[in-house]
Amino acid sequence: MKIFIDGSYFEKDQAVVSVFDHGLLYGDGVFEGLRIYNGRIFKLKEHVDRLYASAKALSLEIPYTRDEFSRILNDGVEINGKSGSGQSGYIRAVVTRGSGDLGLDPDKCVRASVIVITGDIQLYPEELYRSGISIASVSVRRNSVDSLDPRIKSLNYLNNILAKIEAKQSGAAEGLILNRDGFIAECTADNIFIVKDGVLCTPLLTCGALGGITRGAVLEVAEQEGISVLETVLAQYDLYTADECFLTGSGAEIIPVVTADRRAIGDGKVGPVTEKLRSAFKKYAESYGG
Ligand code: PMP
């Protein structure tokens, strides 16, 4: 595995960063998780745009143009032997504030650091994509927009990690995070969708969700498949009374949910709309041309 750090490639055990990097000291930075399907990066432009938007929101200057950054990502795919047809993989792109001193002042960090890891990911065993997972509401609330806007994909994931710990402690695979007003925001690293009476619904981004690239792709695919979609405000009631539910993320892809807070969703089995979207999404991703 060849890992890109600030213009050079390193083997896995040689790929190291400074202990003075503010990404490590303060979680000061941004990141992206991207998928490679059939030898190509899925939704490259969307990921790069989101990365630059997250960085802009943090006044973090990425030391490459968007085209240069895209080239670095594509080079990583090539160099790591993942550009052939049929190849798949996962890329983690990280931009930290860079090395500074022990104070948090970002102005003391001279230059942002860029790290690109091109490898693989399997968040859930294959079996769970057929049987579905359980989710549980957690007590920790989603960061509010006036503290740390959830649309920023920052290196500060403690809000999500606290939620993940709580969900696992209650025996669920994933945590359902509500916003300050008690409405559904998202799960710890995934967006959430429900299906009710044939309509595919997902929380508005303003409810406290990251603008997921997979979320966007699923909305696109659903429209192509003639499924009505609705971005709206959802409460736990809507989830408990839904016919189907699934989560989306670049890591998890589309993972069905069959129980929430120990209640069966619909008949407690993976539903037909979820199945249809899973297979349509797979086709869409495999044939994606950029
Ligand atoms: N929400 C959160 C909090 C995330 O970290 C992610 C990314 N894993 C998502 C949603 C899904 O976004 P994407 O589809 O772009 O991976």
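This is a predicted model: local features need pLDDT of at least 70, side-chain atom pairs count only at pLDDT 80 or more; totals for chains, interfaces and linings use all residues.
Let's start with Phe10, which is partly exposed, with a relative accessible area of 29%. Phe10 sits in strand E2, which covers residues 8-11.

Who does Phe10 touch, once residues up to four places away in sequence are set aside? The list is Met1, Lys2, Ile3, Ile5 and Ala15. Ile255 is another story: 245 residues separate Phe10 from Ile255 in sequence, and their C-alpha atoms are 34 Å apart in space.

## The chain as a whole

Stepping back, the protein chain is built with 8 helices and 15 strands. Its radius of gyration is 19 Å, close to the 19 Å from the globule rule for 290 residues, so the chain is as compact as a globular protein of that length. Laid along its principal axes, the C-alpha trace spans about 55 × 45 × 30 Å.

How much of the chain counts as buried? The figure is 49% of the 290 residues. As for contacts with a separation of 6 or more, 70% of them come from residues 24 or more positions apart. On the charge side, you have 32 positive and 39 negative side chains, and the centres of the two sets lie 2 Å apart.

## Phe183 meets Leu234

Phe183 is found in the loop that links strand E8 (174-178) to strand E9 (184-187). With 34% relative accessibility, Phe183 counts as partly exposed. Leaving out neighbours within four places in sequence, Phe183 is in contact with Ile177, Leu178, Val233, Leu234 and Ala235. Thr118 is 65 residues from Phe183 along the chain, and 36 Å separates their C-alpha atoms.

Leu234, one of those partners, is in a loop too, between strand E12 (229-232) and helix H7 (236-240). Is Leu234 buried or exposed? At 6% relative accessibility, Leu234 counts as buried, because the cut-off for buried is under 20%. Apart from residues up to four places away in sequence, Leu234 touches Phe183, Ile184, Ile194, Cys201, Thr202 and Pro203.

## Two buried polar residues

Lys82 is found in the loop between helix H3 (66-79) and strand E5 (89-96). This lysine is buried, with a relative accessible area of 10%. Which side chain does the side chain of Lys82 join in a polar contact of 3.1 Å? The partner is Asp120. Beyond residues up to four places away in sequence, Lys82 touches Ile36, Gly39, Val77, Gln87, Ser88, Gly89, Thr118, Gly119 and Asp120.

Over in helix H5 (residues 158-169) you'll find Asn159. Its relative accessibility is 10%, so Asn159 counts as buried. The side chains of Asn159 and Arg142 are joined by a polar contact of 2.8 Å. Setting aside residues up to four places away in sequence, Asn159 touches Val140, Arg141, Arg142 and Asn143.

## A loop with positive phi values

One more spot to check is the loop between strand E14 (253-260) and strand E15 (263-264), where Asp261 lies. Asp261 is not a glycine, yet its phi is positive, at about 50°.

Arg262 lies in the loop between E14 and E15. Its phi is near 65°, again a positive value in a residue other than glycine. Is Arg262 buried or exposed? Arg262 is exposed, with a relative accessible area of 76%; the label applies because exposed means over 50%.

Methods
Residues are numbered from 1 along each chain as its sequence is written. Side-chain values use heavy atoms; hydrogens and water are left out. Helices (H or I, at least four residues) and strands (E, at least two) are DSSP runs, numbered from the N terminus. The radius of gyration is taken over C-alpha atoms; the globule rule is 2.2 Å times the number of residues to the power 0.38. Buried means under 20% relative accessible area, exposed over 50%, partly exposed in between (1.4 Å probe, protein chains only). Contact means heavy atoms within 4.5 Å. Lys and Arg count as positive and Asp and Glu as negative; His and the chain ends are not counted. The place of a charge is taken as NZ of Lys, CZ of Arg, CG of Asp or CD of Glu. A polar contact is a pair of N or O atoms within 3.5 Å; within protein, one must be able to donate a hydrogen and the other to accept it, and residues adjacent in sequence count only if both atoms are side-chain atoms.
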